[in-house]
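Hello,

Here is the structure I promised to pass on. Have a look first, and my notes follow below.

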Amino acid sequence: MKLRINFHPALRWPPIVWVLLTLMAIGFTVAMVRFALGIGPISNLNNAYGWGFWISFDLFTGVAISSGGFIMAGLVYILQIKELKPLLRPSVLTAFIGYLMVAIALLVDLGHPERIWYMLIYWNHTSVLLEIGICVMSYLTVLAIEFAPVVFEGMKWEKPAHFVHKFIMPFVIFGVVLSTLHQSSLGSLLLIQMTKLHPLWWTPILPVMFFTSALSIGLSMIIFESSLSSRYFKRGLEIHLLEKLARAIPYTAGTYLVLKLADLAFAGELGLLFTSGTMSLLFWAEILLGCIAPIVLFSMQKVRQSPNGLLAGAIITLLGMILNRFNVSWFGIARLNDPGYAPSLVEMSISVAIFSAGILAFGLAAKYLPLFDAEEHTHNAVSAPATGD
Amino acid sequence: MTKQYAYIFDATRCIDCRACMIACSVENNVEMGESYIWLAGAGVMGEYPNLKRASMPYHCMHCIEPDCASACPVGAWNKREDGPVVYEADKCIGCRYCMNACPFQVPNFDWNKGVFEGAFIRKCTMCTQRLEVGQVPACVHTCPTDALKFGERADLIAEAHARIDANPERYINHVYGEFENGGTSYLILSHVPFSELGLPEMPETPVLEVSEAVMEGTIPFALAWGTVLTGVAIGVNQMNKKKEAAAPVAAEKETEAKS
């Protein structure tokens, strides 16, 4: 006998939605336990590893993969490259959701989440973390303003949409400045760990390295996210536009590579490339995937003009540069009397839940808001229900 | 000028009795496992018959230029004029950046406390409650062999060098903490390499210098970058307007072709 369950029509969501909701529920439960009993019971963090998976993944990776927002805003509004406009809204939304995810993750990670606003009243001017906190809070506001017209249009509020659009320029410039600051400051955050961070990564120009790699990550992320959403929502892929972004990646990745090698050579530490065991391996993996692979791949027209080539290239670049974030914020830091640390599944379930919420939020926005160009949207609205199965 | 207090530890005198840990636990009302002192570098070294053993009670170094205080976003850490690096729990947001910033890996966190109990950072306080009534810290007070001593930093440095000069074969000719990380208020004398005691190799310039220099440049950079971007935005806008005015027909054709 076949079991038949009749869901109310309103609950007939695609399976992926149920999967995401389940993951979110698990993470939410774990977070409640964390707030009640502390961070210890649900994670493997310890006194030698005060920062672990949450910081490397949610903060360092989360902020880096959200850099597409300021890159596109800069290209479309400031440099007025109008043909790139179809990519603007999805990128700004990715950034907005990305930063919200960072903020939520930090609330779980902070010992006193209810005091996060103390950053606004107690200022320690020498603290890099204060700068990042202020920048991220301000940038979330800017992103909300940049994205507001899309919501207003979705609700058919023409006047407010027009109003925001009219005064958008100062916010765009402010947003690009804020992004430049905190993307690079995430690197500055590690400057104070001079004696702990492996010399393959510690350099006074860490902020410059972080900003340069954020550009590679942001561009790859736009390609990645456009490719996936075009597949899932069965809308056209803006290959000719993505091709242009892909063309820029060899330059950002190349700049990173040259700066990195020049910096090591200048410090007389090129030998470390071969003599540091696991650290050398991690470094090579990061450079091969995050710099050399994209330089080679995206220099080939064939790769840039094929949907699969673009997606594969973007994924490889992202893997390499995200490994960089893990290296500098976790793997490359030496501990005294190292007790070891590997994140527990329970600990990671919180990050997974926040990520699931982000994907769901993007999906909902893509379905109900004019996220892709107006003409495309009508086409999209017709084909959207087909994605349900 | 107020006195700047400091500790000195002489590894040749330590018998690894751990009474300091117990005294600390009692004085500061913390569990033994969470005492602000832990033993580092305990163990036997060398090859028979030349065996050596050394141990060291490890606690906050009370740096003259503390990295925790530089890193803390809300300024919960402060270096007092009389020596101790102190913590204001009322300001702490629990971000644990101080734990990452400290080159000696000193601050510990209340991992097993939720938001209602309040999870804070724990570390040696130099027993400020005892200093106020003219007593020395509990660990120093209880040390049976005078391996730990407390006093004015300048006096202790002079005494450390005097001890080395009196018995040059007994000590390594170095006072750890005199210059390390810009100077600390915990000074160490040893007969074994300092790394054997679990102490990191530190430069003489404070670790926080690079990051503070970068922070100082932040606001000027932000203003300059904002000005440049505004200039570029206006320039590009003007250029595009000129282009459109110069070639309205071409532009029209272009838009037609696009649509």
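How many helices and strands does chain B have? Chain B has eight helices and 11 strands, where helices (H or I, at least four residues) and strands (E, at least two) are DSSP runs numbered from the N terminus.

A word on conventions. This is a predicted model, in which local features need pLDDT of at least 70, side-chain atom pairs count only at pLDDT 80 or more, and totals for chains, interfaces and linings use all residues. Residues are numbered from 1 along each chain as its sequence is written, while chains are lettered from A and ligands numbered from 1 in the order in which they are written.

Now the overall shape. The C-alpha trace of chain B spans about 95 × 45 × 45 Å along its principal axes. Of the 259 residues in chain B, 40% count as buried (20 or more other C-beta atoms within 10 Å of a residue's own, with C-beta atoms placed from the backbone).

Three strands of chain B form an open sheet in the order E10-E1-E11, with mixed pairing (strands pair if DSSP finds at least two bridges between them). Strands E10 (148-152) and E11 (186-189) of chain B each have a single partner strand, so one side of each is left without a neighbour in the sheet. Strand E1 (residues 5-10) of chain B pairs with E11(B) in the parallel sense over four bridges, and Ile8(B) stands opposite Leu187(B) in E11(B).

Best wishes

Key
A residue is buried if 20 or more other C-beta atoms lie within 10 Å of its own, exposed if 12 or fewer, and partly exposed in between; C-beta atoms are placed from the backbone.
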